Amino acid sequence: MFATRVFLLAVLVSTVLAGPWANICAGKSSNKVRTCDRYGCGHYGARRNQRLHNGVDVLCSDGSTVYAPFTGEIQRQTKPYRNNNAINDGVQISGNGFCVKMFYVKPIKYNGSIKKGEKLGTLLPLQAVYPGIQSHVHIENCDKSNPTSYL
């Protein structure tokens, strides 16, 4: 019982010490969530036809620099779609008790360490695939839980 309490306390302390995530996109003073447009809404749990949105969309302009939200390891390339298009790229990052997938980003690398706020890559051209959409980085926790509170 004591060991369980110590472990739980350690997890809580490490999460608090990690603090909020860095700003995701260059030129933005905060991580603002995409509102609704003709393609849907950017908040966690938004309806997407027959499913729910498993992530959150952080506003970012096409071609902008995208930053790592926390210090960790880029684990692998990950893609949001089965077919290839101009925005089908991203990475999975893990560290400090977090694991996220970030989509619509052309990363500078697909593996290796990265620090909170360090350049991760460039936002791909969402307007080329979804004209009129509010361009954004999609951020999804690996366990599909809501990442909004860390923004």
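The structure is a predicted model, in which local features need pLDDT of at least 70 and side-chain atom pairs count only at pLDDT 80 or more, while totals for chains, interfaces and linings use all residues. Residues are numbered from 1 along each chain as its sequence is written, and side-chain values use heavy atoms, with hydrogens and water left out.

The secondary structure comes to two helices and 11 strands. Helices (H or I, at least four residues) and strands (E, at least two) are DSSP runs, numbered from the N terminus. Along the sequence, the elements follow the pattern α-β-β-β-β-β-β-β-β-β-β-α-β. The chain has 151 residues, and buried residues make up 38% of them. Here buried means under 20% relative accessible area, exposed over 50%, and partly exposed in between (1.4 Å probe, protein chains only). Contacts were also examined by separation in sequence; a contact means heavy atoms within 4.5 Å. Of the contacts in the chain with a separation of 6 or more, 61% are between residues 24 or more positions apart.

A search of the whole structure finds three disulfides. A disulfide is a pair of cysteine sulfur atoms within 2.5 Å. With bonded cysteines counted along the chain, the disulfides follow the pattern 1-4, 2-3, 5-6.

Cysteine 25 is bonded to cysteine 60, with sulfur atoms 2.0 Å apart. This link of cysteine 25 and cysteine 60 is right-handed, with 70° about the S-S bond. Cysteine 25 lies in the loop between α1 (2–18) and β1 (47–48), and cysteine 60 in the loop between β3 (56–59) and β4 (65–67), so the pair ties together parts that are 35 residues apart in sequence. Both cysteine 25 and cysteine 60 are buried.

Cysteine 36 is joined to cysteine 41 by a disulfide, at 1.9 Å from S to S. The link of cysteine 36 and cysteine 41 is right-handed, with 105° about the S-S bond. Cysteine 41 has a relative accessible area of 18%, so it is buried.

Cysteine 99 and cysteine 142 form a disulfide with sulfur atoms 2.1 Å apart. With -65° about the S-S bond, the link of cysteine 99 and cysteine 142 is left-handed. The pair links distant parts of the chain, 43 residues apart: cysteine 99 is in strand β7 (residues 98–103), and cysteine 142 is in the segment after β11 (136–141). Cysteine 99 counts as partly exposed because its relative accessibility is 22%. Cysteine 142 also counts as partly exposed, at 27% relative accessibility.

The interior was examined next. In soluble globular proteins, nonpolar side chains tend to be buried together. A nonpolar core is a set of buried Ala, Val, Leu, Ile, Met, Phe, Trp, Tyr and Cys residues joined through side-chain atoms within 4.5 Å. The largest nonpolar core has 27 residues, and those with the most contacts inside it are Val66, Ile93, Met102, Leu120, Val137 and Ile139. Two or more residues of this core come from each of β3, β6 (90–95), β7, β10 (119–123) and β11. β7 gives the most to this core, with four residues. The largest pocket holds about 580 Å³ of space. On a 1 Å grid over the protein atoms alone, a cavity is a set of points where a 1.4 Å probe fits but cannot get out, and a pocket is an open set with protein on both sides within 12 Å along at least five of seven lines; lining residues have an atom within 4 Å of a point. Grid points are joined across faces, edges and corners, and a volume is the space filled by probe spheres set on the points. The pocket is lined by 23 residues, of which Arg48, Arg51, Pro80, Tyr81 and Tyr104 lie nearest its centre. β7 and β11 are the elements that give two or more residues to the lining. β11 gives the most, with three residues. By class, the lining has eight nonpolar, six polar and nine charged residues. Ala, Val, Leu, Ile, Met, Phe, Trp, Tyr, Cys and Pro count as nonpolar, Asp, Glu, Lys and Arg as charged, and the others, Gly among them, as polar.

Arginine 48 is found in strand β1. Arginine 48 is buried because its relative accessible area is 15%. Not counting residues up to four places away in sequence, arginine 48 touches Arg34, Cys41, Gly42, His53 and Asp57.

Glycine 132 sits in the loop between α2 (126–129) and β11. With a relative accessible area of 53%, glycine 132 is exposed. The C-alpha atoms of glycine 132 and aspartate 37 are separated by 8.1 Å, although these residues are 95 residues apart along the chain.
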